[in-house]
Structure formats: structure tokens, C-alpha cells
There are 2 protein chains.
Amino acid sequence: MAKNQVKEITDRDQDFAQWYTDVCRKAELMDYSEAKGFIIYRPYGYALWEGMKDYLDDLFKKTGHQNVYMPLVMPESLFLKEAEHVEGFAPETAIITIGGNEELAERLIVRPTSEVLFCSHYAKIITSYRDLPKKYNQWCSVVRWEKTTRPFLRGSEFLWQEGHTVHKDEEEARKEALDILDIYEKLGKDLLAIPFTIGIKTEKEKFAGAVDTYSIEALMHDGKALQSGTTHYLGTGFAKAFNISFQDKDGIVKNPHQTSWGVSTRLIGAVIMVHGDDSGLVLPPYLAPIQVQIIPIQQHKDGVLKACEELKSELLDAGIRVNIDDSDKSPGWKFSESEMKGIPLRIEIGPRDLANGQCVVAKRYNGEKTTMDLSIVGESVPAFLEKIHEAMYQNALMNVLDNTRTTTDYEEFKKIISEKQGYVKMMWCGEEACEEKVKADTQATSRCMPFNQDPVGDICPICGKPAKHLVYWAKAY
Amino acid sequence: MAKNQVKEITDRDQDFAQWYTDVCRKAELMDYSEAKGFIIYRPYGYALWEGMKDYLDDLFKKTGHQNVYMPLVMPESLFLKEAEHVEGFAPETAIITIGGNEELAERLIVRPTSEVLFCSHYAKIITSYRDLPKKYNQWCSVVRWEKTTRPFLRGSEFLWQEGHTVHKDEEEARKEALDILDIYEKLGKDLLAIPFTIGIKTEKEKFAGAVDTYSIEALMHDGKALQSGTTHYLGTGFAKAFNISFQDKDGIVKNPHQTSWGVSTRLIGAVIMVHGDDSGLVLPPYLAPIQVQIIPIQQHKDGVLKACEELKSELLDAGIRVNIDDSDKSPGWKFSESEMKGIPLRIEIGPRDLANGQCVVAKRYNGEKTTMDLSIVGESVPAFLEKIHEAMYQNALMNVLDNTRTTTDYEEFKKIISEKQGYVKMMWCGEEACEEKVKADTQATSRCMPFNQDPVGDICPICGKPAKHLVYWAKAY
């Protein structure tokens with residue numbers, strides 16, 4: 001690979017945080033705006049989000065969900081209706097106090113999340129069991145005031161989808177929360193090439209207002225975890241606070257059970273930090289806005305551009321997202337740019353290749369270069385992409401397995417967290433005090449309690465009391 | 001048609017404004033939210049917007065446009081940079097003054113439109129002719145403080161797309177503004193079944209900050225016009241205000257020429273008011289979220305639901321959006337609901353039809369009912385939809401032609417506007433005073449100066465001075 005030849009970025013293992021910011025900027029995924037904490041999603045970055053959105057939207061619709069759009073703002077009094085939820089979000093809100101040159105009678109909260117907007121609407125439109133379930137989703141941006149921000153990972157505004165559903169009983173609502181978790185897992189496996197670690201959040205880490213929060217966690221290259229999406233079983237708390245009720249088949253008026261769930265542009269951060277390398281972004285093929293970059297060598301020579309165009313047209317017909325870089329930059333510069341942008345396959349065609357009826361195919365994720373017959377390269381691309389996707393997923397999975405350690409000893413736990421990072425599987429008594437101790441000692445937090453509770457001991461190594469849960473611990477973004 | 005049988009709505013010709021609001025509510029397109037002026041886009045209403053969005057997004061991408069996402073907010077100082085533009089929008093802005101429990105050092109304007117955000121970004125990323133053109137678009141919501149609001153037509157928040165492009169010279173920029181106008185016209189013709197009247201806005205009616213504004217105007221059933229979309233040639237005004245410049249091939253540093261353009265959820269209002277009738281919404285087939293509603297009659301009888309399912313499956317295979325209403329409501333109620341929602345085709349299947357191997361097909365737009373062989377109904381649906389679309393477009397076009405009148409006499413003009421509404425073609429001297437007089441006398445405004453300037457006289461009937469332009473005048477939403 002043409003390492004950092006044209007656009008200098010920091011080495012990944014030298015300063016991971018700086019490398020991350022460099023990639024975000026140099027791959028032209030984002031830019032900073034004039035409003036602190038608010039970023040610009042540039043075309044290449046936004047295209048990654050569109051890829052995820054199209055994939056999810058299709059699955060949401062196939063499973064009976066409908067898109068809606070709720071207002072950007074809510075009156076402060078509405079926002080204050082559900083106490084736990086307010087406690088979680090109030091410190092982070094942006095507030096509109098002036099509209100049309102006048103001080104507003106009631107301040108408007110810019111949505112940090114839309115539970116209360118959905119609930120106040122549901123209270124109006126749900127009266128009977130016939131109105132259930134309601135399975136709504138919206139694609140929008142939300143605003144949460146953040147002091148320290150990082151592109152895609154933490155910002156004052158981010159793009160996301162938020163699902164909000166209403167069900168006749170707990171069983172159906174919990175099933176919904178788990179079904180969506182399956183969809184998120186599938187997104188990781190099939191599109192992002194990221195294996196998620198899945199489980200339930202502890203009381204301390206769950207969503208404000210939820211009974212249970214389920215989460216998908218991903219392990220970054222630097223050994224830190226990234227919470228990548230959550231689904232919540234909300235119970236009847238919001239329904240009671242907002243007077244949502246329905247007359248059931250048995251004639252009794254009941255509060256329905258709710259869920260909410262979301263993934264955000266954070267997932268772009270996950271893709272960067274799981275797959276990227278010293279030459280920049282490395283994109284999984286099915287997410288990549290451009291899957292194949294054709295680079296002509298000595299493009300002024302007879303037949304070079306024509307051969308590139310023919311290959312492009314063949315690939316387009318096969319449904320491949322392909323581009324020719326026929327700019328007046330040098331091939332070396334073009335290679336670097338293609339690498340920085342993480343394009344999965346680069347195909348080089350020059351006069352010498354042409355004379356031999358050949359071309360050079362370079363795989364971005366491992367740098368492998370092969371010479372191939374031009375006559376078969378087009379038909380080979382789909383299989384290349386599939387193999388690259390599979391290899392990237394397996395690499396990411398190996399990284400998780402290699403960096404998941406088990407201990408029954410708290411001293412060893414502290415050592416692993418400080419020296420090696422990654423996940424540590426360790427038992428826990430269920431007390432928040434122990435979570436707080438872990439955080440104070442190591443900065444690590446409980447990421448989730450996996451569904452498959454295969455105990456690794458009987459006592460909580462933190463306090464010595466009997467253990468209740470197996471927990472994945474890690475430092476996290 | 002089962003007129004107003006189940007869900008009472010006002011007669012269209014009795015009180016058009018009330019009829020409109022009734023349809024918006026009863027067809028479940030929208031609901032009011034707790035924040036005054038902010039509406040909820042319910043699933044059926046949002047699906048209409050998604051239909052338009054998918055159609056346009058595809059054409060934008062095919063013509064080389066890229067999607068981005070700019071921040072929701074801009075610092076007040078940035079907003080104030082381009083003077084004309086500020087004059088147009090400042091009175092309508094919503095302002096965030098508090099973030100994270102603290103008074104902000106600089107107030108943040110919630111975007112009423114995003115010219116200044118795009119410009120400040122373009123100033124950073126454009127330096128050379130190699131960086132041009134830039135053809136960006138974004139799908140988002142914008143906030144404009146409105147005192148009187150109507151669903152989809154005028155609200156404090158609406159959904160739209162806003163294109164912002166940068167070009168090397170005036171010729172290319174003007175071509176872009178006109179090319180997009182063609183795309184909007186095509187949207188009307190192919191998807192919405194609405195013929196737009198197209199032309200240039202007068203100085204008084206143009207966008208704050210534009211050199212020229214082009215617009216698409218539609219004529220509603222009540223004879224009022226609705227500005228349905230605009231494209232602007234911005235010249236170099238924004239480029240100068242924001243220091244956007246590029247070094248051209250000739251080595252000279254120049255300001256580029258810009259455009260911006262947009263359509264919004266207003267188009268939903270246009271669809272309602274062009275096509276709707278006393279039974280509710282009437283949707284053009286290619287926009288309709290459900291194109292065919294199958295209604296079983298005596299659905300408990302042997303074979304009825306099975307026949308419905310078979311037809312549904314056949315239609316799904318043909319790419320038709322189809323639904324069976326097998327709820328426990330009466331057929332009459334189901335007919336009314338299907339009509340209220342404007343579903344283009346209703347197919348009724350009952351035991352007697354089945355015995356004869358037949359079904360009943362009802363067209364929503366003209367109420368026509370025919371009995372057809374079940375064996376051929378499935379394959380006939382695409383042709384039905386095509387004919388309905390064509391007929392709806394022709395009806396709308398006839399309405400425009402029937403309600404476009406020409407005059408050279410100002411007294412006659414006032415009479416037409418007050419008695420018949422519709423467009424009036426009349427010459428104009430080019431002076432704003434005459435536009436103001438027309439507005440004061442009749443409430444009508446100049447809608448546009450058509451590209452095809454076929455003069456209908458030599459003098460301006462308003463002031464008697466020599467005429468410069470042919471203008472379409474109308475009362476408008």
C-alpha cells in the first residue's frame with residue numbers, strides 16, 4: 001500500500017484518537033461547522049449513513065413498521081412529564097426562547113429524543129385493542145448539548161432513527177425489543193462487517209425511563225468498546241405518565257407496554273475504528289459508496305480509457321458501484337486517495353496490461369495485488385467483494401475473541417484493563433457500588449450482561465459477595 | 001361513491017378551507033402537536049412525502065447531485081452575513097439561547113434555509129476550477145416562525161429538500177436552475193399528476209438574495225394558485241459575502257456563481273387540493289402508498305379471503321402496492337375509508353362474484369365501477385393505473401386551461417379575480433407600484449412571467465404605461 005504518500009495521517013497505533021480525527025477529515029467524511037459541536041456530514045460520510053439507512057428502513061418496513069415525522073420541538077411542560085426521563089436528558093437540552101422576534105410564552109425544548117412526542121400522540125390515537133400494535137419509526141436528527149465532542153461519536157447534533165412502539169402486553173413488547181436487536185445484529189453482520197456483543201444493560205447504564213435496555217456493543221481497534229445501538233423495553237411508565245390506555249378484548253381498560261430503540265451516525269465511527277488502518281478508511285464492500293475504483297495508468301495512451309469505460313459499463317450492469325478516476329492527478333496520488341477513502345477494490349489498467357489483455361486488482365483491506373485477465377475481471381468482482389466482506393468480518397471477530405479475557409480476580413482485572421484493554425468477562429454481585437468502584441479504579445464500565453449467562457465464578461471479585469451476573473466490562477467511548 | 005357515509009367531512013364547494021382541514025385529519029395525513037404551528041406527519045402523510053423524496057432523490061443523483069447534511073443551527077453572526085437574505089428571513093427565525101443549562105455566549109439560529117451554512121462550507125473546500133461544480137442537496141426540516149398556519153401549506157416547521165450548487169460561470173449556474181425546474185415539472189407530470197405553470201418571479205416576489213427566481217405554480221380546485229417549488233440563480237452575491245473564490249484555468253481568481261432550489265411538504269397540500277373531492281383524498285396512482293385496496297364481502301364465507309389473498313399475491317408479484325382490508329368493519333365502512341384515503345383502485349370480492357368467477361373494480365377518481373373476470377383482473381391493474389394517472393393529469397390540465405383567462409382591461413381583471421378566481425394573463429409595466437395596486441385592489445399577486453412571452457397587449461392596464469412583461473396573476477396560498 002502507498003502508505004500516507006499523499007495525505008499525511010497519524011499512525012494508528014501511535015495516537016489512535018488523532019488517527020481517528022485525521023481519517024474523518026482526510027477521507028472527507030465530515031467537516032466542523034461554525035457552531036461548536038455541530039458537524040457537517042460531507043457527501044462521502046453522508047453516503048455511509050444513507051447505506052445504513054436504506055438497509056435498515058427496508059427491514060423495518062418488512063417487519064411492519066411505519067415511518068412518521070414528529071416535530072423538532074416540544075413545550076417544556078410536555079418534556080417534564082416523565083420524571084426519570086427528564087433526569088436523564090434535562091442537563092443536555094438546547095432551548096428555544098425566541099420565535100419571530102418575540103420572547104416565547106413557553107420555552108421549547110429541541111428534541112434530545114422523542115419519547116414524549118410519540119407518547120402524547122399515542123394518547124390521542126389509541127383507544128382500543130384494535131389500534132394495537134403501533135410500530136412507528138422516524139429518521140431525524142436530535143440535539144444533546146455536549147461539552148467535549150468527537151466526530152460521529154459524540155456531538156451536539158447527530159442523525160439517527162428512533163423507533164417507538166406500543167403493544168398490548170409485556171410479552172409482545174419485549175419480543176419487539178429483541179426482534180429489533182436481531183435486525184441491528186444483522187446490520188452488523190451483513191453490511192458493516194462488525195460482530196456485535198449483545199446483552200442487557202445494568203440498572204446504572206440503562207436508558208432513563210426504561211425497565212430494561214438491550215444493547216449492541218462493538219470493540220474498536222484500540223480495545224475500547226463502543227455502544228452502537230440500544231433497544232428499550234419501557235414497560236408502562238410512559239403510558240401512565242401520558243395517559244395512554246386502551247380497552248382490551250375483555251372490556252378492561254389497560255395501559256399498553258412500550259418500546260423504543262435507535263442507532264445513530266455513531267455507527268460511522270464504529271466502521272472507521274473497527275476496520276481502518278494506517279492508510280485511512282477501510283470500508284466493508286456492501287456499505288462502500290464506491291466498491292470499485294478503476295485507475296487508468298498513462299491514460300493518454302491509446303485504448304486505456306476505452307478499456308476502463310468498458311469495464312465500468314460491465315460492472316454497472318452487474319449492479320456494482322464503480323468509478324473511474326480519470327483526473328489529471330498522478331497514479332500514485334490516485335492510489336493514495338482510493339486507499340484513504342477505503343474503496344474495497346482498485347483495478348489498474350495501463351498500456352502494458354492492455355497489451356497482455358490483463359489488469360491489476362488490489363484489495364484494500366489486506367493490500368493484496370493480483371494480475372488478472374481483463375476478460376474475466378468483471379465477472380469476478382461480485383465474488384471478490386463477498387470474500388472481502390467475509391474476511392473483514394472474520395478479522396473483526398478474531399479481534400473481539402483475542403481481546404476478550406476472563407478473570408475471577410479483581411487485581412488481575414485492573415491489570416488487564418490498564419495494560420491490554422478489550423473486554424473482560426467477570427462476575428458481578430448486582431450492586432451499583434461495585435460498578436462505581438470499577439469505574440473509579442479503572443475507568444471501565446459494565447458494557448452488558450450477555451444473554452448467554454455462562455458463569456465464570458460464584459462471587460463478585462470486586463466486593464467478595466455472591467455473584468449474580470456475568471458482565472462484559474470495558475473502557476468505552 | 002359512498003359519500004361521507006362514515007367519516008363526515010365538509011362539502012368541498014361549500015367551505016374549501018374547512019374541507020381541506022377535514023381531509024388532512026380524516027385521511028390521517030397529519031395531526032397537531034403540542035407546540036403551536038408544528039405538525040405531526042402521520043404514517044399515511046409521511047408516505048406521500050417519501051414517495052416524492054424517492055422519486056426526486058433518484059433524479060438528483062442521476063444528474064450528479066450528492067446528498068449532505070448541514071447542522072440544524074448557525075451562529076447569529078454567520079446568519080447576518082448576507083444582508084438581503086437576512087431581511088427576508090430574520091423576522092421568522094427561532095432562536096436557541098440556552099444549551100446545557102447555560103445561557104449561550106452567541107445565540108444560535110435554527111435554520112430557516114441553509115444558504116449561509118452551505119456558503120461557509122464552500123468557502124473552505126473550493127479553491128480551484130477543479131473543485132467545480134459542486135452540486136449538493138440535503139433532505140431536512142426547516143423552521144420559520146409563522147403566526148397563522150395550515151397543515152402542509154404554512155407551518156413553523158416543514159420538511160423539504162434544498163439544493164445548493166456552485167458553478168464556474170453564470171451560464172452553467174442558470175442552466176442548473178432550469179434543469180432542476182425540468183425535474184420539478186417531471187415530478188408533477190409523472191408522479192403527482194399536476195401540470196405546473198412555469199416562469200420567472202418578479203423582483204417583488206423573488207427569493208431574498210436571488211438574482212432570479214424561477215417557480216412552478218399549481219392551480220388548486222378553488223381557483224387559487226399554490227407556489228409549489230422554486231429554483232434560484234443566486235449570481236455571485238453569496239460568494240462575495242462569504243468569500244467563496246476559485247482560481248480559474250486562466251489563472252485568475254474569480255467568485256463562482258451559485259444556485260439554490262427546493263420543494264417541500266407543501267406538495268402534499270397541492271395533491272390534496274388539486275385532486276381531492278367530497279369523499280376525501282384522491283391520490284394519483286404512482287404516488288399512492290396503497291394503489292389497490294381489496295375488500296372482501298362476507299369474508300367469513302368459503303373461499304372469499306382465499307381469493308383475495310391469491311389476487312394480492314399476484315399483484316405483489318407485479319410490483320403493485322396492494323392491501324386487503326379484512327378488518328371486522330362493515331363493507332360500507334371499508335368503502336368509505338378506502339375513498340377517504342384516496343386509494344386509486346378498489347376491488348370487491350364476495351361469494352356471488354366468486355361463483356361467477358368475477359369481481360367488482362371501482363376507480364376512485366371518477367367512481368366508475370365495472371365487473372371483471374377474476375382471471376384477468378390482476379394483469380389488468382397496471383393498465384388501469386396508467387389510465388387513471390393520465391386521466392387525472394388531463395383533468396387537472398383542463399382545470400388550468402378552463403380557469404386561465406386573458407384581459408387587457410383592469411376593471412375586467414378585478415371582476416375575474418373576485419368572481420371566478422383562477423389565473424389571469426395580463427400585461428405589466430414592470431413597476432412594483434402596479435403589483436402593489438393589484439394586491440391592494442384584489443389580493444391577487446403576480447405568480448410568474450412565463451418563459452413563452454406571447455404578449456396580449458402593448459400597455460399595462462393597471463397604469464396605462466407601456467407593457468414589458470406578460471404575467472400570470474392569481475390569488476395564492
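In this predicted model, strand E11 (residues 225–235) of chain A is joined by 5 bridges to strand E14 (residues 257–264) of chain A, and the two run antiparallel; strands here are DSSP runs of E with at least two residues, helices are runs of H or I with at least four, and both are numbered from the N terminus. Two strands are said to pair if DSSP finds at least two bridges between them. Because the model is predicted, local features need pLDDT of at least 70 and side-chain atom pairs count only at pLDDT 80 or more, whereas totals for chains, interfaces and linings use all residues. Residues are numbered from 1 along each chain as its sequence is written, while chains are lettered from A and ligands numbered from 1 in the order in which they are written.

**Strand E11 of chain A**

- Within the pairing with E14(A), the bridge partner of Thr231(A) is Trp261(A).
- E11(A) also pairs with strand E10 (residues 212–219) of chain A, in the antiparallel sense and over 8 bridges, with Ile216(A) standing opposite Gly229(A).
- The hairpin of E10(A) and E11(A) has 5 residues between the strands, and Gly223(A) in this hairpin takes a positive phi near 90°.
- E11(A) is mostly covered, with 9 of its 11 residues buried; a residue is buried if 20 or more other C-beta atoms, placed from the backbone, lie within 10 Å of its own, exposed if 12 or fewer do, and partly exposed in between.

- Chain A can be laid on chain B by a turn of 180° and a shift of 0.0 Å along the axis, with an RMSD of 0.0 Å, which is the relation of a two-fold axis; the superposition is by least squares on the C-alpha atoms of residues with pLDDT of at least 70 in both copies.
- Ile96(A) is the residue of chain A that comes closest to the rotation axis, its C-alpha lying at 2.1 Å.
- The same surface serves both copies, since 100% of the contact residues of chain A recur in chain B; two residues are in contact if their C-beta atoms, placed from the backbone, lie within 7 Å.
- An open sheet of 6 strands takes the order E4(A)-E6(A)-E5(A)-E5(B)-E6(B)-E4(B), with antiparallel pairing.
- Strand E4 (73–75) of chain A and strand E4 (73–75) of chain B stand at the edges, each with a single partner strand, so one side of each is left without a neighbour in the sheet.
- E4(A) is joined by 3 bridges to strand E6 (residues 102–110) of chain A, where Val73(A) stands opposite Val110(A).

**Strand E8 of chain B**

- Strand E8 (residues 157–167) of chain B is mostly covered, 10 of its 11 residues being buried.
- Strand E7 (residues 134–143) of chain B runs antiparallel to E8(B) and is joined to it by 10 bridges, with Gln138(B) opposite Glu162(B).
- E8(B) pairs as well with strand E14 (residues 257–264) of chain B, over 8 bridges in the antiparallel sense, and His257(B) is the bridge partner of His167(B).

- Helix H2 (residues 43–62) of chain B has 20 residues and reaches 28 Å from its first C-alpha to its last, close to the 28 Å expected at 1.5 Å a residue, where the expected span is 1.5 Å times one less than the number of residues.
- H2(B) and H8(B) pack at an angle of about 105° with their axes 10 Å apart; axes are lines fitted to C-alpha atoms, for helices over the stretch in contact, and angles run from 0 to 180 degrees between N-to-C directions.
- That angle makes H2(B) roughly perpendicular to H8(B), given that 65 to 115 degrees counts as roughly perpendicular, under 35 as roughly parallel, over 145 as roughly antiparallel and the rest as oblique.
- The contact is made by Gly45(B), Leu48(B), Trp49(B) and Met52(B) of H2(B) with Leu267(B), Ile268(B) and Val271(B) of H8(B).
- Leu283(B) lies in the loop between helix H8 (266–275) and strand E15 (292–296) of chain B, and counts as buried because it has 29 C-beta neighbours inside 10 Å.
- Although Leu283(B) and Leu48(B) are 235 residues apart in sequence, their C-alpha atoms are 9.4 Å apart in space.
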